[in-house]
Amino acid sequence: MNTSRWFRWVWPAVPIAGALVVTSLLLFLFGAAPFEAFQAMYQGAFGDQSKTLSVLAFWVPLLLSSTGLLITFKAGLWNIGIEGQIVMGAVAASWVALNLEAPSAVLIPIEIVAAMLGGALWAALSAVLKTRGNIHEIFSGLALNSIAIILTNYLISGPWQPPEGGTFRGTAPFQPSALLPLFANSRFSPLSLILAVIAFILVVIALRGTFWGLKLKAIGVNLRSAFLLGVSSEREMILAMMFCGALAGLGGAVRTLSWFDSLRQSISGGIGFMALMVVMLANYRMFLVPPIALFFSAVLSGSITLQLRTQLHSSLGGILTELMVLFVLLFGDWAKLGIFRKKDDDG
Amino acid sequence: MDSSPIILTLASVVLVSTPLIIAVCGEILTERSGIVNLSLDGTMLMAAMTGFIVAFESDSVWIGFLAAMAIGAFFAFIVAFGSIRLRQSQFAIGFVLTLLGDDLSAFLGQNYTRIPGPVVKHYAIPILKDIPIIGPIFFNQNAVVYFAFILVAVTWFWLFRTQPGLRLRSAGDRPEAGFARGVGINFQRYLYTIIGGALVGIAGASYSLNIKIGWSEGITRGLGWIVLAIVIFGGWSPIRGMFGALLFGATKALATYLQRTFPEVSVVAFNAIPWVLMILVLLLVGSDFTERVIMIVPKSLQRPLQRMLRISPPQALGSTFVED
C-alpha cells in the first residue's frame, strides 16, 4: 500500500476527532451544548492564574510518571504497577516527614531521595518477580498496586493516624519545613517542575544517545536475540523498572508534599494509570509526552469547572481523554487497519 | 438453628461471592482461549450501571440482566476485535476500557444514583432448603446464586469433558496444533471472549440488582481486578476459582467480624490476602518448586499430589495468532 508519509502522519487526527464527536454526543444526550461545555472546560483550566497553576501542579507528577514509563516501554515492559510505585514514593517521603525534624534545606532532599528509593524498590520487586519468578509484570504490578494502597490505608488508620483519631482520610499535616515551597497561593511547586524537566531531558538523552538506551531497545524489540547478542536482559530490565519507579516515587513525593500536605488515602489520584495513557497516546514518541500530559491535566482540571457550571459529572474529562486513547489505539495506525490487507495477502 | 448467626453469615458470604464466581467463570473461558480481558473492572461498572437503569425503566430485573450481558459482550468484543483483527496490544485496549468504563458509568448513571429499584426475588428451593446447615446456606437464596453454582459445573464440564472445550483450550494452549487440526483459533477467541464478557456483565448487574441494590458511582470498583487475581490463584479452573471467590468473601466477612470485636486493631491488612495468594500461586506456576515438593513425599502419594497441585496456565495466553 502506498499511503504517503504525510497521510500516515495526519491520519491519527481522525480518531482524535472521533473522540471529540462521541464526547459531544454524550453532552447533547444530557442536554448541554458541546461548544459551551468545551469552552467552560478551557476556562476551568486556563481561565485565571490560580487555575493555570493548578493545572501545572497536576502536570508535574504526571510528567514524571510518564517520563519513567518511556524507559519501561522502551524495554518492552508494561509497568502497570506504576500506580503502586507512586504510592510507595509518597509513603517513603511521608515517613521522613513524620520522623525527622530538620530545616527545609536538609529535609526536602532527604524526602526526595527516600521517595525515589521507595518507588524504585517497589518497582524492583515487580522486576525480580518477572526475571526470577516468571511472573508477567502486569499481574505482579496489579497485586503490588493493591498492596501499596492497602498499606497506605493501614498506615493512615493505624500507626500514622492523626492525634485526634483515625479518620481514614489522611495523616495529620506535616511540619511546614517538610513541605515543598509553593508558588504564590497555589499547590504548584516550581522546584518540582525543575526536577521534572531535568528528569525528562536526562531520560531523552539516555534513551536516544547512550549505549544503555540501545540495549533497552534491543530487549524491547526482541528479547531473545538481545540475549543471544550478549545483552544481560535481567540486569537491564531491573534497572529500567527501578528508574521508572524512582521517577514515579518522586511524583508521589510531589503529590504528598505539594498537592496535599499529608499522606492521603487516594494519594496518587490515578496519575499512574493516566501516565500509561499519556505514553500510549504519544505512541511512545518522547517529545509528544510533555504536551499530551499537559493536555490531560488541563482537561481534568477543566472538567471540574464544567461540573460546577453545568451540574454534569466531572468524569466527562476522563471520558474524553480515554476515548482519544482508545480510538488512537484501535484506529490510529493506518497500516494496521488492514483496509488493503486482503489484497496484499492474496497478492 | 436456621437463623443462628454463623449460618446467616455463611449464607451472606455465599451471596456476596456469587458475582465474583460468575465473573471468574467468564474470565476463565476467555483466558483459556488465549486472550486476557483486562477490562473487567470497567466492564463490571458499566454492566452494574446499565443493568440497574434498564431494570429500573423496564421494571424487570431480567431485561436488566440482558442489557448488562450485551454491554459486557460489547466491551469484550472491542478487546477481541482490537487484538485479533487490528493486531494491537490486548493489554493496552483492556486497560483503557477499564478506565473508560469507570468514567462512562459514572457519567451515564449520574441521574440514577442512590434510588431504590427492582431486586432479584428470593426463592428458596423446596425440599433442598430443609437439609440441615447446607440448606439454609446454599438453597435459601435466589436465582442468581443458583445460576452461579450451575455455571461453575457447566463451565468445568464444558472445558474439560467436551469436544468444543478441547477446541477452546487448544486455542489458548497450542494454537498452532489446534489450527493444524482444523480449529478456527481466532473464531474460538472471539467466541469465548464475548461469552466471557457477557458473563462478566451478569456479574456486574448482579451487584446492582441483587447485592448492593441500586447504582452509585464506583459501586464495584476494584472487584474486576480481584476477579483477575482469583482466576490466577484458582489456576484457571472454575472449581478452584469458585473456592477462591468464596474464600475472598469469607475473609471479607471475617475482617468485618474482627473489626467489630476488636475495634482498636486495624484489619485493612486482610484485604491484601487475595493479592499475596495470587503472587504465591504465580511463583509456584513459574518455578520448579512444586515438582521438588512432590519428589519429597512417598511414591504412592506422588501422583495424587501432583494432580492436586498441578496448575497449568494457558501456554499461549496473551499472544497473537496469525492464521495462514
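**Helix packing, core and chain contact**

Modeller: Let me begin with one pair in this predicted model: helix H3 (residues 61-85) of chain B and helix H9 (residues 185-211) of chain B pack with their axes 6 Å apart, at an angle of about 140°.

Colleague: In chain A, how are H9(A) and H11(A) oriented to each other, roughly parallel or roughly perpendicular?

Modeller: Helix H9 (residues 211-221) of chain A packs against helix H11 (residues 233-259) of chain A with the axes 10 Å apart and an angle of about 105° between them. Because angles of 65 to 115 degrees fall in one class, H9(A) and H11(A) are roughly perpendicular.

Colleague: Which residues of H11(A) are met by H9(A)?

Modeller: The contact of H9(A) with H11(A) has four nonpolar, one polar and two charged residues. From H9(A) come Lys215(A), Leu216(A) and Ile219(A), and the residues they meet in H11(A) are Ser233(A), Glu236(A), Met237(A) and Ala240(A).

Colleague: Is Thr52(A) exposed, partly exposed or buried?

Modeller: Thr52(A) lies in helix H4 (residues 49-74) of chain A. A residue is buried at 20 or more C-beta neighbours within 10 Å and exposed at 12 or fewer; Thr52(A) has 16 inside that distance, and therefore counts as partly exposed.

Colleague: Which element gives the most to the largest nonpolar core?

Modeller: The largest nonpolar core has 211 residues, and those with the most contacts inside it are Val278(A) and Val96(B). Leaving aside residues up to four places away in sequence, Val278(A) touches Leu62(A), Ser66(A), Val289(A), Ile292(A), Ala293(A) and Phe296(A). The element that gives the most to this core, with 15 residues, is H11(A).

Colleague: Which element supplies the largest share of the side of chain A that touches chain B?

Modeller: In all, 35 residues of chain A are in contact with 33 residues of chain B, and those of chain A divide into 23 nonpolar, 10 polar and two charged. The elements giving two or more residues to this side include helix H12 (271-281) and helix H14 (315-331) of chain A. The largest share, 11 residues, comes from H7(A).

How values were computed
Residues are numbered from 1 along each chain as its sequence is written. Chains are lettered from A and ligands numbered from 1 in the order in which they are written. This is a predicted model: local features need pLDDT of at least 70, side-chain atom pairs count only at pLDDT 80 or more; totals for chains, interfaces and linings use all residues. Axes are lines fitted to C-alpha atoms, for helices over the stretch in contact, and angles run from 0 to 180 degrees between N-to-C directions. Helices (H or I, at least four residues) and strands (E, at least two) are DSSP runs, numbered from the N terminus. Angles under 35 degrees count as roughly parallel, over 145 as roughly antiparallel, 65 to 115 as roughly perpendicular and the rest as oblique. Two residues are in contact if their C-beta atoms, placed from the backbone, lie within 7 Å. Ala, Val, Leu, Ile, Met, Phe, Trp, Tyr, Cys and Pro count as nonpolar, Asp, Glu, Lys and Arg as charged, and the others, Gly among them, as polar. A nonpolar core is a set of buried Ala, Val, Leu, Ile, Met, Phe, Trp, Tyr and Cys residues joined through C-beta atoms within 7 Å.
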